[in-house]
Amino acid sequence: MDNHFPNVLYTRKEKMTDKDQIQPIITAYLSGKATEEERRKLEDWVRQSAENDQYFQQVRNVWQVMHPAFNPAEIDVNEAGENILANIASTRRNITRALLIYWQRAAAILVISLLLLCAYLYLDKGDALHNTVEYQEVKSPHGTFSEVRLPDGTLVWLNGGSTLRYPLAFRKGERDVFLNGEGYFEVHSDTENPFIVKTEQITLRATGTAFNIEAYNKDSITAVTMVKGKVDVVFGNSSPVSMKPGERASFNNLTKQCLIAKTDPYKWYAWKDGLMIFRDDPLSYVFKRLGLTFNVDIDLKDSSLANAPYRATFEYESLDEILRLLEMSAPLHFKQNKRVKDSNNTYEKQAIEVYKRK
């Protein structure tokens, strides 16, 4: 085979669709060896369709990149054609690779956008959840006491029949808890996040201090006894009252009257150590205290017993033991009625009648 392109003749009306047939003419044209007839045939073929034109442009682009200045006499048409086809295939692979990289980058951008959207929705949901506080509730069974450590490190002891409700995590700026019953608090010091105890009748605000609160919903008296530090207490709708160690405030829930007096604080929170201390307290208070602690109704049948002073210290005794000791140390007699079921098939509180022993 010589170094000239073969003379492939076509008429103007002839339509060439075989790329294998047009490829030698394109090669000859790009190498500068095409005849006038071949140029005409190539022009006709390119005009036949956009696909033909696109193919020609691809071949020419590859040719220009892969064939700088050269000696036409050294061209092997068949080899050149094969090289062009190989380069076209390589170009297509490069285009495919480029498209793959493009779509990978686009996918990465899409994934990042989705992650940002998810993060936004999560944070937005997190804010909503943040505004919805989850609470833990602790109940101390009657006749016992329980110890609770709050999320901020504050220690709380709950007397029998008491309930404490507090957040699983305190939000910044506030540490609110809710008490029904009696609790002794040793508040972790944090001046920037006040510790607030709420009951039905009072709101107590503290930072780092220790105090005892008696706030049984069924009792007519709500009391706060200061042990150390300082607190501000709102009784009912009154203005805040500051309290100091050794003070005890008794708030009458019915009359809305408040009495603050000096006292021995330990007497009022010794229960957390298993002690029940009475120091010349009227029997009416003694029996009320026993009733709240052990969940019984104690009824004084002789009114003359109500104001009789009583002095004793009980340590970890059960209700039966305390009643027995009372009968031994005072002219009293107790009648314990059997517990009965109510209409809801639950047992009512035990009723205990107190008589003066003759």
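**Cavity linings**

Guide: In this predicted model, the residues that line the second largest cavity divide into four nonpolar, no polar and four charged.

Visitor: OK, and which residues line that second largest cavity?

Guide: The lining is made up of Glu-214, Tyr-216, Asp-219, Ile-221, Tyr-285, Lys-288, Arg-289 and Leu-292, and helix 6 supplies the largest share of this lining, with four residues.

Visitor: What volume does the second largest cavity have?

Guide: The volume of the second largest cavity comes to about 50 Å³.

Visitor: Switching topic, how many cavities of 30 Å³ or more are there?

Guide: The count is three cavities of 30 Å³ or more, and the largest cavity has a volume of about 80 Å³.

Visitor: And what lines the largest cavity?

Guide: Its lining consists of Lys-267, Trp-268, Trp-271, Leu-275, Met-276, Ile-277, Phe-278, Tyr-285 and Arg-289, and the elements that give two or more residues to this lining are helix 5 (265-269), strand 14 (275-282) and helix 6 (283-294).

Visitor: Which element gives the most to the lining of the largest cavity?

Guide: That is strand 14, which contributes four residues to the lining of the largest cavity.

Visitor: How does the lining of the largest cavity look by class?

Guide: Sorted by class, the lining of the largest cavity has seven nonpolar, no polar and two charged residues, whereas the lining of the second largest cavity has four nonpolar, no polar and four charged.

Notes: Residues are numbered from 1 along each chain as its sequence is written. This is a predicted model: local features need pLDDT of at least 70, side-chain atom pairs count only at pLDDT 80 or more; totals for chains, interfaces and linings use all residues. Side-chain values use heavy atoms; hydrogens and water are left out. On a 1 Å grid over the protein atoms alone, a cavity is a set of points where a 1.4 Å probe fits but cannot get out, and a pocket is an open set with protein on both sides within 12 Å along at least five of seven lines; lining residues have an atom within 4 Å of a point. Grid points are joined across faces, edges and corners, and a volume is the space filled by probe spheres set on the points. Ala, Val, Leu, Ile, Met, Phe, Trp, Tyr, Cys and Pro count as nonpolar, Asp, Glu, Lys and Arg as charged, and the others, Gly among them, as polar.
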